[in-house]
Amino acid sequence: MAPFTVLHVCMGNICRSPMAERLLDRAVRDRSGESGLVRSVSAGTGGWHEGEEMNPPAARQVRSRRGTPDGFLARKLRGDFIDEADLILTATADQFDYVVALRPDAADRTFVLGEFGRLLASVDTKALPPASLPDSDGKPEAVHARGVAIVEAAARLRGGEAPQPGDDLDDPWGRGDQTFQRIGDEIEDTTVPLATLLIP
């Protein structure tokens with residue numbers, strides 16, 4: 001079985017989604033000492049930056065949070081990336097719509113990043129208490145089963161409600177380090193709790 005796979009999506013795949021990709025990877029390593037338990041990847045809906053490295057201020061934020069931007073190259077979102085993902089986290093509601101237009105069957109595992117962060121706060125109190133999650137023994141198959149259960153619980157909590165306006169991540173492209181720092185904080189508001197639930 002493949003590791004639990006999280007696909008992060010933004011427009012250009014050089015700022016928000018690569019930051020989320022690498023910050024989730026770092027959060028997982030903080031919990032387990034290794035990154036192989038969760039596969040964190042990203043892609044962009046636009047595609048015009050394909051093959052480029054992470055935007056420099058985004059890379060600075062990743063480094064400042066003990067992650068690494070090394071080896072990153074931007075990709076254009078494709079349907080098979082969605083098919084391979086157990087959870088898709090988009091920067092905005094527009095990108096959520098883009099993903100679901102490509103793969104309607106992915107709707108229940110696709111969330112705006114901020115929306116998923118809000119829902120995670122209730123997963124352990126309303127939908128699926130941690131004691132009811134599949135046990136995590138530090139093995140990839142256990143983390144995968146736990147991740148799938150978390151996504152299903154979040155989808156139940158969401159019901160049919162649309163994301164809230166505040167769930168979107170602002171596009172920091174062309175803006176200063178202070179904006180990128182705020183975006184990094186907002187990303188970690190979701191990636192850290194997710195890693196904590198995946199690997200208790």
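Let's start with the sheet: it is open, built from 4 strands in the order E2-E1-E3-E4, with parallel pairing. Keep in mind that this is a predicted model. From one strand to the next, the twist averages 25°.

Now zoom in on one pair of neighbours. Strand E1 (residues 4-10) and E2 run parallel, and 7 bridges join them. If you'd like a spot to look at, find Val9, which stands opposite Ala43 in E2.

Next, look at what lies on the sheet. Helix H4 (residues 93-102) lies across E1, strand E3 (87-90) and E4. Its direction is at about 165° to that of E4.

Two other helices are worth a look together. In general, a packed pair of helices is described by the angle between the two axes and by the distance between them. Here the pair is helix H1 (residues 16-32) and helix H2 (residues 56-64), whose axes come within 10 Å and cross at roughly 15°. Angles under 35 degrees count as roughly parallel, so that is how H1 and H2 lie relative to each other. The crossing in which H1 passes H2 is right-handed.

Which residues in H1 and H2 meet? On the H1 side they are Met19, Arg22 and Leu23, and on the H2 side Ala58, Gln61 and Val62. Sorted by class, this contact of H1 with H2 has 4 nonpolar residues, 1 polar and 1 charged.

Note on methods
Residues are numbered from 1 along each chain as its sequence is written. This is a predicted model: local features need pLDDT of at least 70, side-chain atom pairs count only at pLDDT 80 or more; totals for chains, interfaces and linings use all residues. Side-chain values use heavy atoms; hydrogens and water are left out. Axes are lines fitted to C-alpha atoms, for helices over the stretch in contact, and angles run from 0 to 180 degrees between N-to-C directions. Helices (H or I, at least four residues) and strands (E, at least two) are DSSP runs, numbered from the N terminus. Angles under 35 degrees count as roughly parallel, over 145 as roughly antiparallel, 65 to 115 as roughly perpendicular and the rest as oblique. A crossing is left-handed if the near helix is turned anticlockwise from the far one by less than a right angle, and right-handed if clockwise. Contact means heavy atoms within 4.5 Å. Ala, Val, Leu, Ile, Met, Phe, Trp, Tyr, Cys and Pro count as nonpolar, Asp, Glu, Lys and Arg as charged, and the others, Gly among them, as polar. Two strands pair if DSSP finds at least two bridges between them.
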